[in-house]
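Hello,

I am handing over the structure below. My notes on it follow.

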Amino acid sequence: TGSFIEEMIQPFCCSEEETNEKHRTITNNSDDEEENEKQLAASSLLDVGCGTGVGSIYASQHHVNFQVTATDISEFMVERTKKRSISLNQDIECVVSDGQTLPSTWTNRFDYAMG
């Protein structure tokens with residue numbers, strides 16, 4: 001049996017349509033999907049406060065050229081994101097970090113950020 005925290009923090013679950021709507025801002029640059037993909041090609045994304053990794057995994061699955069980095073202040077959540085991304089064959093860098101004190105080496109490293 002899992003701990004109380006594990007039982008209380010279940011992976012976010014919603015329909016594909018709801019997920020697409022919630023994350024539409026990533027590809028909201030144009031109505032033309034081909035143009036969106038060109039703009040997103042080989043882009044990097046920082047997910048601050050990744051929680052269980054839903055947004056990071058979504059971005060990684062739907063934009064294969066994205067270099068995704070997921071951060072959270074909670075080591076438990078980062079480990080959960082890492083395990084989920086591995087189980088889904090997604091290459092996501094997972095880092096324990098406070099969103100207010102990100103590493104200085106990350107300055108200008110990311111094309112997109114979400115939180």
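Phe-66 counts as buried, at 3% relative accessibility (buried means under 20% relative accessible area, exposed over 50%, partly exposed in between, with a 1.4 Å probe and protein chains only). Tyr-112 is partly exposed, with a relative accessible area of 25%.

This is a predicted model, in which local features need pLDDT of at least 70, side-chain atom pairs count only at pLDDT 80 or more, and totals for chains, interfaces and linings use all residues. Residues are numbered from 1 along each chain as its sequence is written, and side-chain values use heavy atoms, leaving out hydrogens and water. The mean pLDDT (the predictor's confidence in each residue, from 0 to 100) is 77, and 63% of the residues reach 70 or more.

The structure holds two aromatic pairs (rings of Phe, Tyr and Trp, the last by its six-membered ring, pair if their centres lie within 6.5 Å; planes under 30 degrees apart count as stacked, over 60 as edge-to-face and the rest as tilted). Phe-66 and Tyr-112 are stacked, at 5.9 Å centre to centre and 25 degrees between the planes. Phe-66 lies in the loop between H4 and S2 and Tyr-112 in strand S4, so this pair ties together parts 46 residues apart in sequence (helices, H or I of at least four residues, and strands, E of at least two, are DSSP runs numbered from the N terminus). The Trp-106 and Phe-110 rings have centres 5.5 Å apart and planes at 80 degrees, so that pair is edge-to-face. Trp-106 is buried at 11% relative accessibility, and Phe-110 is buried at 18%.

Regards
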